Amino acid sequence: MAAILGQPAGDGAAARRTVLCLHGFRTNARVLRLQTQDLFRHCPGVVSAYVDAPHAARGPAYPAVEMAFPSAKQDGWKEWYNYIPREDGREGEGGGGGGGRGCYEGMAASVAFVEAEVARLKPFAICGFSQGAVIAAIVAKNAQAKHAEAQSSSSSSSSSSGGGGGSSNNNNN
């Protein structure tokens, strides 16, 4: 999953295009860097930035991950969130007896963490694998909503202040 967040930071032709990369479940930034190194090697002008999830994994990585990326184990396995099922073991919204869905523990903290990284790094795009893709999608949707809200309030204030009837064509989304 990848989402374009905006224009590259910088001035004109020298602008760097940073892609913020989010790893999957019970891996870490080192694993995703190893998985994507050839891709970014073929993308001149693109800089990849990797971050670890803010939560230590509650269990081991899959054996295939440990076997394929033995050097990554030293950094510790991470996860963006942990799914906690309902106590009755059933899924979905249900009537009676503790209904509702399970919860995604740590997701809100992970979204806030990545939004802070986006504010700090100002990436052109964000991409993620597995759980990282879920977090990337939420962060991109939140950024889209904030942009739309800012556009709406900007339009409201300029039309209410008599700022003329012209329209703005700002495609920085």
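**Fold, aromatic pairs and selected residues of the predicted model**

Buried residues make up 32% of the 173 residues in the protein, where buried means under 20% relative accessible area, exposed over 50%, and partly exposed in between (1.4 Å probe, protein chains only). The structure is a predicted model, in which local features need pLDDT of at least 70 and side-chain atom pairs count only at pLDDT 80 or more, whereas totals for chains, interfaces and linings use all residues. Residues are numbered from 1 along each chain as its sequence is written, and side-chain values use heavy atoms, with hydrogens and water left out.

The secondary structure consists of four helices and eight strands; helices (H or I, at least four residues) and strands (E, at least two) are DSSP runs, numbered from the N terminus. The order of the elements from the N terminus is β-β-α-β-β-α-β-β-β-α-β-α. Of the contacts in the protein with a separation of 6 or more, 71% are between residues 24 or more positions apart, a contact being heavy atoms within 4.5 Å. The accessible surface of the protein is about 10300 Å², and carbon and sulfur atoms account for 54% of that surface. Accessible areas come from the Shrake-Rupley method with a 1.4 Å probe; for residues, only the protein chains shown count as cover.

The structure holds zero disulfides, a disulfide being a pair of cysteine sulfur atoms within 2.5 Å. Cysteine 21 is in no disulfide, and the nearest cysteine sulfur, that of cysteine 127, lies 3.6 Å away. Cysteine 127 is likewise in no disulfide, with the sulfur of cysteine 21 as its nearest cysteine sulfur at 3.6 Å. Cysteine 21 is buried because its relative accessibility is 1%. Cysteine 127 is also buried, at 17% relative accessibility.

Four aromatic pairs were counted. Rings of Phe, Tyr and Trp (its six-membered ring) pair if their centres lie within 6.5 Å; planes under 30 degrees apart count as stacked, over 60 as edge-to-face and the rest as tilted. The ring centres of phenylalanine 25 and tyrosine 62 are 6.2 Å apart and the planes stand at 55 degrees, so this pair is tilted. Phenylalanine 25 is in the loop between strand 2 (17-22) and helix 1 (29-41), and tyrosine 62 is in the loop between strand 4 (55-56) and helix 2 (63-68), so the pair ties together parts that are 37 residues apart in sequence. Tyrosine 62 is exposed, at a relative accessible area of 52%.

Tyrosine 81 and tyrosine 104 form an edge-to-face pair, with 5.6 Å from centre to centre and 80 degrees between the planes. This pair links distant parts of the chain, 23 residues apart: tyrosine 81 is in the loop between strand 5 (78-79) and strand 6 (82-84), and tyrosine 104 is in strand 7 (residues 103-105). Tyrosine 81 is buried, at 10% relative accessibility, whereas tyrosine 104 is partly exposed, at 45%. Tyr81, Tyr83 and Tyr104 together form one aromatic cluster.

Two arginines were examined. Arginine 17 lies over the face of phenylalanine 124, at 4.2 Å from the ring centre; a charge sits over a ring if NZ of Lys or CZ of Arg is within 6 Å of the ring centre and within 35 degrees of the ring normal. Arginine 26 is in the loop between strand 2 and helix 1 and is buried, at 17% relative accessibility. The side chains of arginine 26 and glutamate 79 are joined by a polar contact of 3.2 Å. A polar contact is a pair of N or O atoms within 3.5 Å; within protein, one must be able to donate a hydrogen and the other to accept it, and residues adjacent in sequence count only if both atoms are side-chain atoms. Neighbours within four places in sequence aside, the contacts of arginine 26 are Ala57, Arg58, Gly59, Pro60, Ala61, Trp77, Lys78 and Glu79.

Methionine 107 belongs to helix 3 (residues 107-121) and is buried, with a relative accessible area of 17%. Residues up to four places away in sequence not counted, methionine 107 touches Trp80, Tyr81, Val134, Ile135 and Ile138.

Most residues other than glycine have a negative phi. Lysine 122, by contrast, has a positive phi, near 50 degrees. Lysine 122 is in the loop between helix 3 and strand 8 (125-128) and is exposed, at 53% relative accessibility. Serine 130 also has a positive phi, near 55 degrees. Serine 130 is in the loop between strand 8 and helix 4 (131-160) and is partly exposed, at 37% relative accessibility.
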